[in-house]
Amino acid sequence: MKFTDINAALNWMNQESNPIQREGIEKIYYAMNYLGNPQKGLKVIQVTGTNGKGSTTAFLKNLFAGAGLKVGTFTSPHIEKFNERISYAGHDISDADLLRLMPLIYDLNEHMAQTQYGRLVFFEIYTCLLFLYFHEKQPDVCLIEVGIGGLNDCTNVVDAQYAVITTVALDHVDKLGDTVEAVAYQKAGIIKRGAQVFIGQLPASSVAVVEAKVEEEGAKLYQYGHEFGALPMTLSLENGSKFTYWNDLGMEKEEFRLSMLGQHQMHNAAIALMVFQHWMYDQGIELHKEKMAQDLLTTHWQGRMEKISDQPLIFIDGAHNEAGLEALKQVVETYLIDRQVTILFAGLNRKNQSAHLQILDLFPASQIYIAPFDHHESYSQAEWQNLVNEDPNPNLHVIGDWAEFIDQFEGENNQVLLVTGSLYFISQVRQYILHGLRN
């Protein structure tokens, strides 16, 4: 089938369904084989983590591009447009390329429907698109972000010789397990035979799980706080974050500065630097510290403590799980402590929103407003009210219309509005404010 309209193609992809629950990735290997195994031969750095994988990928993308390499990236979810998920050489995949490749995926899915596996669904489909596109482009380096977990994720059909695990915490417990050890086991599933493995600051019990997998695969482990790390220096809203980066590569300690706010971003940047340096050394490419410093400073990531308005001052951040909210709380305590902070939050009903409210209660915020938003899994106004009725915080309020609330927020006298929660919510807020929809 040939699609002539990108929206029709994306609608088809979104509507593909399968009553057969996929277990493992044999189905994806079968699909890859049908397509001629386009994933083979790619130079891949695979990135997973409960939080931080998007920011770490963004830092890596800028570092490699700054060194003159053609970089392919695969990330999720998108903030404004589907094309953001797949990029090459600094450009999102074009509608024309999507329309050109989609008939191959359509034919694949008609074939899959006749197999024991059944049809591919959304994430599986666009993973196939990714590999077809990168097979054509042959990037110098492919930065492939895992969707959920690692072991059973669609992206795990690649033979990535660089595996990155940024953080491990509880999230997607229905798929990954309800202990950090179980989550670590799933994420360590991306570690391949003889790979170089880079991990962030993980719980000790999670490190033990990763170490066992590293030993099993004959891999090499580089751990934050052991082989490399970051020491905070100065932190301010106006000047960003300055830190000292160190590693065991025989280099002197180096100072770097980030525009992205938060000590967790220094952590992510240190991971990216360690991965980048090892990759470049392995490829025999010279490093230039001044260029690296500039590339880190100019790295931005949509929806992660992103300033989208100056008057009034508004930030958005997709803190959609407990670990993300804890990191955001630290940002507020560090960078916004002299501001009067108002929080606007929305989330999905498949998340533990009661736990999220308990963390929000501890934020140094003057008022916290909770709202439903346009998503089929959004908490409703009534559901939020039931939770808030059980919360003793007098500054916690439920509202019905988040857009009207933003329109009425004036941001006077050192006030700042921090919009957070589901990335789907953040996407809607971002488009509402930046694309002229706000009054």
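The model is predicted, so local features need pLDDT of at least 70 and side-chain atom pairs count only at pLDDT 80 or more, while totals for chains, interfaces and linings use all residues. Residues are numbered from 1 along each chain as its sequence is written, and side-chain values use heavy atoms, with hydrogens and water left out.

Start with the sheet. Eight strands form an open sheet, in the order β4-β3-β2-β5-β1-β6-β7-β8. The pairing is mixed. Helices (H or I, at least four residues) and strands (E, at least two) are DSSP runs, numbered from the N terminus. Two strands pair if DSSP finds at least two bridges between them. β4 (91-92) and β8 (220-223) stand at the edges with a single partner strand each, so one side of each has no neighbour in the sheet. Now look at β1 (residues 44-48) and β5 (residues 141-145). These strands run parallel, joined by four bridges. Val 44 stands opposite Cys 142 in β5.

Helices lie across these strands. Helix α3 (residues 53-66) lies across β1, β2 (71-74), β3 (86-88) and β5, at about 170° to β5. Helix α8 (residues 204-217) lies across β6 (162-165), β7 (196-199) and β8, at about 155° to β8. Axes are lines fitted to C-alpha atoms, for helices over the stretch in contact (heavy atoms within 4.5 Å). Angles run from 0 to 180 degrees between N-to-C directions.

Next come two helix pairs. Two packed helices are described by the angle between their axes and the distance between the axes. The axes of α1 (residues 6-15) and α4 (residues 95-112) come within 10 Å and cross at roughly 35°. Trp 12 and Met 13 are among the α1 residues that meet α4, where the partners include Leu 98 and Met 102.

The axes of α9 (residues 263-283) and α11 (residues 322-335) come within 8 Å and cross at roughly 115°. Gln 263, His 264 and Met 266 in α9 meet Ala 327, Gln 330, Val 331 and Tyr 335 in α11. That contact has four nonpolar, three polar and no charged residues.

Finish at the second largest pocket. A pocket is an open set of points on a 1 Å grid over the protein atoms alone, where a 1.4 Å probe fits, with protein on both sides within 12 Å along at least five of seven lines; lining residues have an atom within 4 Å of a point. This one is lined by 36 residues. Thr 299, His 300, Trp 301, Gln 302 and Glu 306 lie nearest its centre. Helix α3 gives the largest share of the lining, five residues.

Methods
Nonpolar A, V, L, I, M, F, W, Y, C, P; charged D, E, K, R; others polar.
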